[in-house]
Amino acid sequence: MLIKLKTTKNEEIVDITNQINEAVKDIKEGSVLVFVKHTTAAVTINENDDPKICDDFFNFMNKLIPNGNWGHDKSGRCDRNNGDAHLKSSLIGHSKLIPVENGKLALGKWQSLWFCEFDGPREREIIIQKNAL
Ligand code: ZN
């Protein structure tokens, strides 16, 4: 199953928990693999109650991996100056395997599934692979 989403900012967290919950509601027990098909985006799990956590996430990532001056930015192979976005994408990772119980993601109270955009705005694709036991 493929989910498409359109990001609206250069860096953005899109909470995809509800979309994935919708996709797994026919699974009593099993798991779901969520896979981001891009080299400048990622998926992770974190809290989406306090928006300051998203700010902290990007502030931290930009301190760790600042924009500009990477080999990819100077190689002439990409016109988006997005060497940092490629590194952030690899660091966070492209997939999550999440348990499903009674038609819902078995997430903790404060856990949400975050799609991480590091080089938007863009149209993005996420593969969802459902595994029922
Ligand atoms: Zn690039």
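Contact here means heavy atoms within 4.5 Å. This is a predicted model, in which local features need pLDDT of at least 70, side-chain atom pairs count only at pLDDT 80 or more, and totals for chains, interfaces and linings use all residues. Residues are numbered from 1 along each chain as its sequence is written, and side-chain values use heavy atoms, without hydrogens and water.

Q: At what angle do H2 and H4 pack?
A: The axes of H2 and H4 lie 11 Å apart; axes are lines fitted to C-alpha atoms, for helices over the stretch in contact, and angles run from 0 to 180 degrees between N-to-C directions. The angle between H2 and H4 is about 115 degrees.

Q: Which residues of H4 make the contact with H2?
A: From H2, the contact is made by Phe57, Met61, Asn62 and Leu64. Their partners in H4 are Lys88, Leu91 and Ile92.

Q: Is leucine 64 buried, exposed or partly exposed?
A: Leucine 64 belongs to helix H2, residues 52-64. Because its relative accessibility is 46%, leucine 64 counts as partly exposed.

Q: Is threonine 44 buried or exposed?
A: Threonine 44 is part of strand S4. Beyond four places away in sequence, threonine 44 touches Ile92, Lys96, Ser112, Leu113, Trp114 and Cys116. Its relative accessibility is 14%, so threonine 44 counts as buried.

Conventions. Helices (H or I, at least four residues) and strands (E, at least two) are DSSP runs, numbered from the N terminus. Buried means under 20% relative accessible area, exposed over 50%, partly exposed in between (1.4 Å probe, protein chains only).
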